[in-house]
Amino acid sequence: MEKDIPEITLNDGLTVPAIGFGTFKLTGIEGVHAIQSAIDVGYRLLDSAYNYENEGAVGESIRRSSIPREQLRVTSKLPGRHHNYHQAITAIQESLMCAGLDYYDLYLIHWPNPKQDHYVEAWQALIDAKKWGLIRSIGVCNFLPEHLERLIRETGVAPSINQVELHPYFSQEQQREVNAKHGIVTESWSPIGNGTYLLEDKVIGRIAEAHQKTVAQIILRWHIQIGALPLPKSSTPGRQLENISIFDFSLTDEEMQQINQLTQPDGRIHDLDPAVFEEF
Ligand SMILES: NC(=O)c1ccc[n+]([C@@H]2O[C@H](COP(=O)([O-])OP(=O)(O)OC[C@H]3O[C@@H](n4cnc5c(N)ncnc54)[C@H](OP(=O)(O)O)[C@@H]3O)[C@@H](O)[C@H]2O)c1
């Protein structure tokens, strides 16, 4: 792994870097170039999904890169339409064939889809795929405490990761506490608020000026210091480097407190509540 990016050890022993690269919307040859550049600037953890239709671009960028496969951590996710056990196994096989990979380092259930109520059998499929060597570590996204607790109760296996919407306007303190109680690492999606109004926040702007960093860097540093693993996406090499260059400074307790206070109960940027939202 890159020398200046700390590593985190998951509850099953797999190590991952403290920051990863989001790939939503990075598709086709342009996507390959963007992901290749991300690997070049130092990202070693790649986030993808069956539903992003870019597992092929991720696989191709890995083949074009000079970084050995074993130094990368490649993630994909199971879509809601394949939660039935046998469909889930087939989807994992399809994910691997799309990427041209022998294994994924991480495979996550993309959304719980509680109305469908098939996420426990989807989880059993991930448990078995891990046993067969198709996946090294298994986790979930957007799982609320009750979904996590049910998985653990019914299968005895806790996820290694729960990837949730998380940024200063929606800091997910209680969810993070529940994840930590079960030894689950919290990954942050839309960590810089999807590049929207969060980047214009005045409080964070003042902190950025004081550190001579950008607002995006302050936000990403805040994720590191609350113990979350952010997955910023950028199509441009300059921003990719900016977003990963956050390990040479720290925020003070007071600055952390100021950012913590920005959270709002309805602070979700995408209005996607896992209790009701369904993803297929
Ligand atoms: N599990 C889930 O349900 C779920 C849901 C959503 C996302 N995700 C994952 O999380 C990743 C990140 O989330 P996201 O893509 O929604 O949002 P994000 O990473 O918070 O923001 C990406 C946006 O910010 C812009 N940007 C990046 N760096 C910047 C910088 N330094 N300064 C200004 N603007 C910057 C990007 O534009 P450019 O590309 O033009 O630089 C892009 O428009 C996704 O790519 C995906 O892998 C997972």
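Where is the place of N194? N194 sits in the loop between β9 (185-189) and α7 (202-211). The views below show a predicted model.

**View 1. Two asparagines have a positive phi.**
Most residues other than glycine have a negative phi. N194 has a phi near 65°, a positive value. N194 is partly exposed, with a relative accessible area of 48%. N113 also has a positive phi, of about 45°, although it is not a glycine. Look for N113 in the loop between β6 and α4 (119-131). N113 is buried, at a relative accessible area of 0%.

**View 2. Eight strands form an open sheet.**
The 8 strands follow the order β3-β4-β5-β6-β7-β8-β9-β10. Their pairing is parallel. β3 and β10 (229-230) stand at the edges, and each has a single partner strand, so one side of each is left without a neighbour in the sheet.

**View 3. Strand β5 lies enclosed.**
Strand β5 covers residues 73-78. Of its 6 residues, 6 are buried, so the strand is largely enclosed by the rest of the structure. On one pairing, 3 bridges join β5 to β4 (residues 45-47), and the two run parallel. L46 stands opposite V74 in β5. From β4, the chain crosses through helix α2 (residues 55-64) to reach β5. This β-α-β crossover is right-handed. β5 also pairs with β6 (residues 104-109), again in the parallel sense, over 4 bridges. There, K77 has L108 as its bridge partner in β6.

Helix α1 runs over residues 28-41. Its 14 residues should span 20 Å at 1.5 Å a residue, and its end C-alpha atoms are 20 Å apart, so the two values agree. Which residues of α1 are buried? They are G31, V32, A34, I35, Q36, S37, A38 and I39. The buried residues of α1 pack against β3 (21-22), β4, α2 and α9 (237-244). After the helix comes G42, with a positive phi near 130°.

Q163 belongs to strand β8 (residues 161-165). Buried means under 20% relative accessible area. At 3% relative accessibility, Q163 therefore counts as buried. The side chains of Q163 and E187 are joined by a polar contact of 2.8 Å. Leaving aside neighbours within four places in sequence, Q163 is in contact with several residues, including D47, K77, L108, N142, W189 and L231.

**View 4. The ligand is surrounded by 29 residues.**
Which of these residues are the closest to the ligand? They are D47, S190, K233, S234 and R239. A polar side-chain atom of K233 lies 2.8 Å from an oxygen atom of the ligand. I192 uses its backbone: one of its N or O atoms lies 3.0 Å from a ligand oxygen atom. For E242, a side-chain N or O atom is 2.9 Å from a nitrogen atom of the ligand.

Definitions and conventions
Residues are numbered from 1 along each chain as its sequence is written. This is a predicted model: local features need pLDDT of at least 70, side-chain atom pairs count only at pLDDT 80 or more; totals for chains, interfaces and linings use all residues. Side-chain values use heavy atoms; hydrogens and water are left out. Buried means under 20% relative accessible area, exposed over 50%, partly exposed in between (1.4 Å probe, protein chains only). Two strands pair if DSSP finds at least two bridges between them. A crossover is right-handed if, with the strands pointing away from the viewer, the path from the first strand over the helix to the second runs clockwise. The expected span of a helix is 1.5 Å times one less than its number of residues. Contact means heavy atoms within 4.5 Å. A residue is near a molecule or strand if one of its heavy atoms lies within 4 Å of it. A polar contact is a pair of N or O atoms within 3.5 Å; within protein, one must be able to donate a hydrogen and the other to accept it, and residues adjacent in sequence count only if both atoms are side-chain atoms.
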